[in-house]
Amino acid sequence: MGKFVSFVFALLLIATATVAQAAPTIRIGGLFSVTGPASFLGEPERNTLEMLVQEINARGGVNGSKIELFVYDTQGDATKAVQLATKLIKNDKVVAIIGPSTTGESMAVIPLVQRERIPLISCAAGVKITEPVKAWVFKTPANDQVAGEKIFNYAAKKRQKKIALLTVSDSYGSSGREQLKVLAAKKGFTIVADEVFSPKDTDMTPQLTKIRGANPDAVICWGTNPGPAVVTRNMRQLGITTPLYQSHGVASKKFIELAGASSAEGVTLPAGKLAVYDIISKKDPQAKLLREYDQAYRKKFGVEASTFGGYAYDGFQLIVAAVKKSGATPEKIRKGIEQVRGMVGVSGVFTMSPTDHNGLNLSAFEMVRVTKGDWVLAR
Amino acid sequence: MSEQLLQYLLSGLSTGAIYSLIGIGFAIIYNSTGIINFAQGEFFMLGGMSTYYFLSVAHLPLPVAMLLAVLLTTAVGVLFERLAIRPLRNASPLILVIITIGGSILIRGIAMLIWGKDTHSIPMFTGNEPLTIGGATILPQHLWIFGITLLIIIINRFYFYNTVSGKAMRACSHNRRAASLVGIDVKRMVLFAFAISSAMGSVAGIISAPLTMTSYDVGIMLGLKGFCAAIIGGMSSGIATVFGGLLLGVLEAFGAGLISSGYKDAIAFIILLLILFIRPQGLFKKAETERV
C-alpha cells in the first residue's frame, strides 16, 4: 500500500513538473574571447548578446519561451574554445551556439559541432569558415573579399591601375593579402609592391619609402588599429600623396582619432554601415536598426556600438528568426537559418541558402572617405 | 635611391634611440642586481599610458602630464623593487627573473583594467609639419627623440662617473661584496637602479607615444627589442648599449626596406641569437672570463 501511495505521489510530481515547464526555455550558448588578445572582439559580442536576450525575455521571449543564455570566455584560445563548446553541448544542452570570435577558434570548433549536429554561428570573418559550406556552420561577418572587391571597384572607377599592398602580418592581414592579390589579378590590376608590417610595429616609413619607389597609383593598407593609423601618419610624414585605401578593419572614429584628422584626410575605406549610419540614406533598409542598436548599446554600456558586437547581434537574430519560423530544436534552427531571406541585420541584409551560409553581398559595405575628421560617402 | 637609403637610416636611428633607452634600463638593473628585469617594457608602457591619462582624462598641460607620468612610473619601479625583489634578495637570479616576468604581466593587467584595451595617442610636442633633410623627411618629434635621448645619455654618464652615488653603483656592479665591505649600502643602490631605469623607461615611452601611439600592451615587443639592444651592447649601462640600440634600429629599417618587411622582427631576433652564440660579452667588449 505504502508503495502504491508513493508511486501515485511520484506520478503527481512528474505531472506538476511538466505543467510548470509548459514553455521550456530555449538554451543558447555563446563563446566569445572576452579577455585575451582578441578581447576587442569578444567583449562587445558578449555585451550585445546579453543585452538582446534581456530585451527579448522582457517582452515575453520567442513564441512564449524564454531564452536562457550560457556564455563562456574562450580567452582567444582554440583549445579552450573546443572544451567550452563541448561543455555547452553536453552539460548546458544548448540548441545553438553563437561565436567563437576568431577564425582560428571557429575552425577548431567546427568538427565538434558538425559531429554533434548543433548549429554554430561564427562571429569571425575568415572565408574558410563557410567556404566550403558545412551543414551546421554559419557566419555573420561579411567575407574580407567583399570589402576588397568594394575597394577595387572604386579604384577602377578612379582609373587606378598600379596598386601597392601594405598588410599586417597577422591572420587578418595575411588573409586580406591573399584575397587582394587574387582579386587584383581577376580585375586586371597590377600589384607593384607587396609589403607587410607586424601588428605592434611603430614605424612603417621603411615600407612606405620602398612603396614610393615603386610609384603606385594607390596604396591599399589592410590591418586593424593601431598599425593602419601609423601607416596613415607615416605617409603624411613622408609627403606621399598617393591615394590610400584602408580596410573595413579600421572603420571607426577611433582610427581618425589615432591617425589625426589632418593625416587621415582623404583616406578611403569600405565601412560596415554601423560606423556611418548617420550619413547613409534614410531609405537604406538598415538605417533604422543601426540607429536603434547603437543607441541601446550606448545607453547600457556607455560606449558606441562596434561592428564586432553587430556580429553577435546578427547571429542572435538569425536564431530567433529560425525558431519563430520552424522551431527550437537544433535541426529546425539549422533549416530555419538556411531559409532566411532578406533579414535586415547590423552587418548587412542576410539572404541565406543551402549553398551560402554567410548570406551577405557587396551592399554590406559603403565606401567612405575621411573629410575634416569625419566620414563622408565616397563617390 | 640615395634618398631612400637616407630615409631608412633616419627611420632606423629614431626607432633605435628608443631601443637604446629601454636597453640602458635593462643594463642598469642587470649591473646592480645581476637580474634581467623583464618588466622594463612595462615602464615604457606606463610612461606613455599615464601621460595619455593625465593629459586627456585629467586635462593637465602636456609638460605637467609628462612629469607626473615619470614620477608615477618611478614610484611603480621603486614599489616593484620593494615588494617583489627586495624580500627575495637571497633567491637565485633565475627566480628573480621569473618574478620580473610575473611582475610585468601584473602591471600590464592592472593597466588594462584601469585604462582599457584601446590604443591611445598623445599630441606631438611641437607641431607635425614634416622637415626635409636631403630628400628624406622626419617629424619635429624625431628631433625631440634624438635630443632627449642624447640628454639622458649625457646625464647618465655624468651620474655614473662624477657623483658619489653613481660611482658607488658602478662599484656594486663590479663586485657587490667588496662594495658593501667599503661601506656602500648595496640595497639602496639596487633601489636607485630600479628608480633610474623605470624613470628612463617612462621617458622613452613618453617621447615615442606621439609617433607610435600607446596601449596597455606596447611594452612586450619594445621590451624585447630593448633587451636585444642591451645584449648587443654587452649589458653596458653606457654608450655600448646606445650603439646596440641604434644598430638594431638601423638594421631593421634597412632589412625592411631592402630585403623584405616580413623579416623585420626576425632580423632583430636573429641578431640577438647570433650575439648570444658568438659574442655573449657583447659586440664592443673584449672577452672577459668573469662578467663582474
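## Strands and the sheet

Two strands pair if DSSP finds at least two bridges between them. Helices (H or I, at least four residues) and strands (E, at least two) are DSSP runs, numbered from the N terminus. In chain A, three bridges join strand 1 (residues 26-32) to strand 3 (residues 96-98), and the two run parallel. One bridge links A:Gly29 to its partner A:Ile97 in strand 3 of chain A.

This is a predicted model: local features need pLDDT of at least 70, side-chain atom pairs count only at pLDDT 80 or more, and totals for chains, interfaces and linings use all residues. Residues are numbered from 1 along each chain as its sequence is written, while chains are lettered from A and ligands numbered from 1 in the order in which they are written.

## The whole sheet

Chain A has an open sheet of five strands with parallel pairing, in the order 2-1-3-4-5. Which strands stand at the edges? They are strand 2 (67-73) and strand 5 (137-139) of chain A. Each has a single partner strand, so one side of each lacks a neighbour in the sheet. Neighbouring strands are turned by 20 degrees against each other on average, direction ignored. Axes are lines fitted to C-alpha atoms, for helices over the stretch in contact, and angles run from 0 to 180 degrees between N-to-C directions.

Helix 12 (residues 307-325) of chain A packs on this sheet. Helix 12 touches strand 1, strand 3, strand 4 (120-122) and strand 5 of chain A. Its direction makes about 160 degrees with that of strand 3. Two residues are in contact if their C-beta atoms, placed from the backbone, lie within 7 Å.

## The nonpolar core

A nonpolar core is a set of buried Ala, Val, Leu, Ile, Met, Phe, Trp, Tyr and Cys residues joined through C-beta atoms within 7 Å. A residue is buried if 20 or more other C-beta atoms lie within 10 Å of its own, exposed if 12 or fewer, and partly exposed in between. The largest core holds 190 residues. Which of them touch the most other members? A:Ile97, A:Ile220 and A:Ile319 do. Helix 8 of chain B gives the largest share, 14 residues.

Leaving out residues up to four places away in sequence, A:Ile319 touches A:Ile28, A:Ala96, A:Ile121 and A:Ile333.

## Where the chains meet

How many residues of chain B are in contact with chain A? There are 26, and they meet 25 residues of chain A. Helix 1 (2-33), helix 8 (186-212), helix 10 (239-259) and helix 11 (264-278) of chain B each give two or more residues to this side. Helix 1 of chain B gives the most, with five.

Most residues other than glycine have a negative phi, and most peptide bonds are trans. Two peptide bonds in chain A are worth a look. The bond from A:Gly99 to A:Pro100 is cis, with omega near -10 degrees. A:Pro100 sits in the loop between strand 3 and helix 4 (103-116) of chain A. The bond from A:Asn225 to A:Pro226 is also cis, with omega near 5 degrees. A:Pro226 lies in the loop between strand 8 (218-222) and helix 8 (227-238) of chain A.

A:Lys93 is not a glycine, yet has a positive phi of about 50 degrees. A:Lys93 is exposed, with 11 other C-beta atoms within 10 Å. A:Arg159 has a positive phi near 60 degrees. A:Arg159 counts as exposed, with 7 C-beta neighbours inside 10 Å.
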